[in-house]
Amino acid sequence: MTTPAQAFDHAGVFRALASHRRLQILEWLRDPRAHFPPQRDGDLVDDGVCVLFIADKLGVAQPTATAHLQALARAGLVTSKRVGQWTFYKRDEAAIKAFTRQLGDQL
């Protein structure tokens with residue numbers, strides 16, 4: 001995971017963002033309460049959204065959603081949290097801001 005103080009692999013971030021589905025996930029995670037139902041385990045904002053909810057909303061199998069989310073996590077755009085047997089994902093707002101700032105500085 002990339003922290004805001006570190007330099008980003010811009011190409012890696014762009015590869016993650018090149019997928020329409022990943023962009024859609026990031027949009028949904030910006031306001032998870034507007035896009036997902038309440039969860040039994042974990043708060044949508046504090047803990048993130050369960051991968052099963054994301055898979056259902058994308059209309060894909062859970063492993064496919066997990067692959068998209070892991071690509072976003074490798075790029076440093078989302079974080080994951082395990083709660084029991086479930087994995088929850090949320091945007092890493094600080095990292096996203098740092099990335100856009102670094103990109104602006106380099107362009």
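Let's start with two helices, H1 and H6. H1 covers residues 10-17 and H6 covers residues 93-106; their axes come within 12 Å and cross at roughly 120°. That angle makes H1 oblique to H6. As for handedness, the crossing of H1 past H6 is left-handed. Please keep in mind that we are looking at a predicted model here.

Which residues do the meeting? From H1 we have His10, Val13 and Phe14, and on the H6 side they meet Phe99, Gln102, Leu103 and Gln106.

Now over to the strands. There are three of them in an open sheet, in the order S1-S3-S2, and the pairing is antiparallel. So which strands stand at the edges? Those are S1, residues 49-50, and S2, residues 78-83. Each has a single partner strand, so one side of each is left without a neighbour in the sheet.

S1 pairs with S3, residues 86-91, in the antiparallel sense, and two bridges connect them. If you'd like to find one on your screen, go to Val49: its bridge partner in S3 is Tyr89.

Finally, a word on confidence. The average pLDDT for the chain is 89, and 93% of the residues score at least 70. Residues 1-5 are another matter, with pLDDT below 50, although this stretch has 13 contacts in the model beyond near neighbours in sequence. Where pLDDT is low, the predicted coordinates should not be read in detail. So please treat those contacts with that in mind. Thanks, everyone!

Definitions and conventions: Residues numbered from 1 in each chain as written. Predicted model: local features only at pLDDT ≥ 70, side-chain atom pairs only at ≥ 80, totals over all residues. Heavy atoms only, no water. Axes fitted to C-alpha atoms, helices over the stretch in contact; angles between N-to-C directions. Helix = DSSP H or I, 4+ residues; strand = E, 2+ residues; numbered from the N terminus. Parallel < 35°, antiparallel > 145°, perpendicular 65-115°, else oblique. Left-handed = near helix turned anticlockwise from the far one by under 90°. Contact = heavy atoms within 4.5 Å. Pairing = 2+ DSSP bridges. pLDDT = per-residue confidence, 0-100.
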